[in-house]
Amino acid sequence: MARAYTDRRRFVGTVSGLVKETRPWQWYKQGILLLGLVFSKSLFDPVAVTNVVLGIVAFCAVAGATYIGNDILDVEEDRNHPRKKHRPIASGQVPIPVAVTFAVLLFVGGLGLSWYLGPLFLLVVSAYLAQNALYSAVLKEIVIVDVMVIAIGFVLRAVAGVVAIDVYLSPWLVVCTFLGALMLALGKRRHEMIVSDDPAASRATLAEYTEETLDQLLVVVLAALVVSYSLYTFFRGDLWMMTTLPFAFFAAFRYHLLAHTRNLGGDPKFLFGDPPFFVNLVLWGLLVVAVLYGVPPRLLEVIA
């Protein structure tokens, strides 16, 4: 009886650890796929919505597989990290053979769903997987390149959202997504450097970064992001879209402030717990949808 109870507890612990290894709290990143849906004005197209949702599921599956693969490869480094040492694989909660099997299942399922969405979507997902593999094997050890590769991963997500519904790929979507993701990646590196007693032990590139350098890079990327988004609104030739600029500027500046005063740059999900940032994000999203789908002009017509 006692042995059966112990086995059950071990099984539940393993399952719980596998779920944690897929980083469900990181699934919000797949929301990038929604950008193409919104900005192509396909938000109310049921077929397009279905395809994007399936695309998000596919990316969650392959991303989960890559997270597990990275944790297996980085198990020794993670055991020296003050936070990562508690991850299920690093702590021993999930045996490596079990983790490998689960990662393979996620990988096959994600690729199968990607194939269903079309060859171009499968190609983008394959590029995402190749990028992650190169990052884990080599690129994460190269200063500057490591954060740029992370940003490229978000760009691939945005491109996948466009490919899933077969609409025009705007270069502004690529540029703004890359810069926004690069800003978050630099903020994460800064956070890792500050919280770790021995940064180089948990991530090799942190031995070459300095806090001052990361701060300077963060400011440069932030400036490029707000300028790029501003140019996007100008070249659209739509005065209403320019009304979203204050919200975009506030989001970028608020992130910079929180990264320095509350050290929230380590995980962007904590930003959603900041009321000013969250409210601003919601207002920006509502305003963008209103502008793209013609709410302001129609409202003026009604008033007139």
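**Salt bridges, a loop valine and a surface patch**

Biologist: The side chains of R254 and D274 meet in a salt bridge; what is the distance, N to O?

Modeller: Residues are numbered from 1 along each chain as its sequence is written, and side-chain values use heavy atoms, with hydrogens and water left out. A salt bridge requires a side-chain nitrogen of Lys or Arg within 4 Å of a carboxyl oxygen of Asp or Glu. For R254 and D274, the N to O distance is 2.9 Å.

Biologist: Which distant parts of the chain does the pair R254 and D274 link?

Modeller: The two residues are 20 residues apart. Helices are DSSP runs (H or I, at least four residues), numbered from the N terminus. R254 belongs to helix α12 (residues 245–261), and D274 to the loop between α12 and α13 (275–292).

Biologist: Is D274 buried or exposed?

Modeller: A residue is buried under 20% relative accessible area, exposed over 50% and partly exposed in between (1.4 Å probe, protein chains only). R254, at 14%, counts as buried. With a relative accessible area of 2%, D274 is likewise classed as buried.

Biologist: Why does the salt bridge of D146 and R189 tie together parts that are 43 residues apart in sequence, and in which helices do they lie?

Modeller: The side chains of D146 and R189 meet at 2.9 Å, N to O. The pair ties together those parts because the residues lie in two helices, D146 in α8 and R189 in α9.

Biologist: What is the relative accessible area of R189?

Modeller: D146 counts as buried at 0% relative accessibility. R189 is buried too, with a relative accessible area of 0%.

Biologist: Which residues does V167 touch, not counting those up to four places away in sequence?

Modeller: V167 lies in the loop between α8 (145–165) and α9 (171–195), and counts as partly exposed because its relative accessibility is 28%. Its C-alpha atom is 8.7 Å from that of L37, a residue 130 places away along the chain. With contact meaning heavy atoms within 4.5 Å, V167 touches S40, S42 and V162.

Biologist: What is the relative accessible area of V279?

Modeller: V279 is placed in helix α13. Together with F272, F278, L281, V282, L283 and L286, V279 makes a nonpolar surface patch of about 590 Å². Being partly exposed, V279 has a relative accessible area of 45%.

Biologist: Which helix has the lowest mean pLDDT among the elements of the protein?

Modeller: The protein has 14 helices and zero strands, and its average pLDDT is 84. Where pLDDT is low, the predicted coordinates should not be read in detail. The highest mean, 93, belongs to α8, and the lowest, 58, to helix α14.

Note on methods. This is a predicted model: local features need pLDDT of at least 70, side-chain atom pairs count only at pLDDT 80 or more; totals for chains, interfaces and linings use all residues. pLDDT is the predictor's confidence in each residue, from 0 to 100. Patches are made of residues with over 30% relative accessible area and no salt bridge: like charges are joined within 9 Å, nonpolar side chains (Val, Leu, Ile, Met, Phe, Trp, Tyr) within 5 Å. Accessible areas come from the Shrake-Rupley method with a 1.4 Å probe; for residues, only the protein chains shown count as cover.
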